[in-house]
Amino acid sequence: MQHAKPLPSLFAQRYHGWKATTHADNAAWYRRLANEGQRPKAMVIACCDSRVHVTSIFGADSGEFFIHRNIANLVPPYEPDGAQHGTSAAIEFAVTALKVPHLMIVGHSKCGGVQGCLDMCSGKAPALEETSSFVGRWMDLLRPGYERVKDTVPEDQQAPALEKEAVLVSLENLMTFPFVREAVEARTLSLHGLWTEIGEGDLEYYDSIERRFLPV
């Protein structure tokens, strides 16, 4: 592959620093992870956004979280159509093979993907409407959330409201997967909807009884 280049010196230097310090200080733990396999305490579906650092938020060590990231932390509905579904494959592996006891959807403030969906659905981003837009077609998953906020939430508050709808839409879609529903009903798996405010570091969870997000 002629287009592949050597690792930039910045990242190479950081790697060598990690290998000489963090890895060296915890060598036995890393070898144990390698030899015994992973037993994550939870699966986390988070946004690709570089500002969202879920392991830091929860103080997680290597091996604790099975993490899948995509634009706007969305889960598509169950579609066994023989096509390639990265997010669905990750969920299947986590639930049926790793048997994680918890599955967390983590949304966040100032989400560019959610803002793109808001702009697209309100007619302000025609480029995202094109069938060739991967982002646009992915954000179609959030249209049900947009329909819930467009006439009920003031325009200047629709973006944060839609960020939380992204979490709820994903939770709803998770329950369309037979193996997820079976695990939830058997009480071997619990689902959690979270939203974090990047600037302040606040974390909220969805309370299904009160039907709103509350501070953790």
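Student: Is Trp-18 buried, exposed or partly exposed, and why?
Tutor: Trp-18 counts as partly exposed because its relative accessibility is 33%. Buried means under 20% relative accessible area, exposed over 50%, and partly exposed in between, with a 1.4 Å probe and protein chains only. This is a predicted model, in which local features need pLDDT of at least 70 and side-chain atom pairs count only at pLDDT 80 or more, while totals for chains, interfaces and linings use all residues. Residues are numbered from 1 along each chain as its sequence is written, and side-chain values use heavy atoms, with hydrogens and water left out.

Student: How are the rings of Trp-18 and Tyr-30 arranged?
Tutor: Their centres lie 5.7 Å apart and their planes stand at 80°, so the pair is edge-to-face. Rings of Phe, Tyr and Trp (its six-membered ring) pair if their centres lie within 6.5 Å; planes under 30 degrees apart count as stacked, over 60 as edge-to-face and the rest as tilted.

Student: Which helices do Trp-18 and Tyr-30 lie in?
Tutor: Trp-18 lies in helix H1 and Tyr-30 in helix H2 (residues 27-36), so the pair ties together parts that are 12 residues apart in sequence. Helices (H or I, at least four residues) and strands (E, at least two) are DSSP runs, numbered from the N terminus.

Student: Which residues form the aromatic cluster?
Tutor: Tyr-15, Trp-18 and Tyr-30 form one aromatic cluster. Tyr-15 and Trp-18 are three residues apart in helix H1 (residues 9-25), which means that about one helical turn separates them. Tyr-15 is partly exposed, at 38% relative accessibility.

Student: New topic: how do H5 and H9 pack?
Tutor: Helix H5 (residues 112-121) packs against helix H9 (residues 158-174) at an angle of about 110°, with the axes 9 Å apart. H5 is therefore roughly perpendicular to H9. Axes are lines fitted to C-alpha atoms, for helices over the stretch in contact, and angles run from 0 to 180 degrees between N-to-C directions. Angles under 35 degrees count as roughly parallel, over 145 as roughly antiparallel, 65 to 115 as roughly perpendicular and the rest as oblique.

Student: Which residues of H5 and H9 meet?
Tutor: Val-114, Gln-115, Cys-117 and Leu-118 in H5 meet Gln-158, Ala-159, Leu-162, Glu-163 and Ala-166 in H9. Contact means heavy atoms within 4.5 Å.

Student: And Ser-88, is that buried or exposed?
Tutor: Ser-88 counts as buried because its relative accessibility is 12%. Ser-88 belongs to helix H4 (residues 86-97). Apart from neighbours within four places in sequence, Ser-88 is in contact with Pro-76 and Phe-177.
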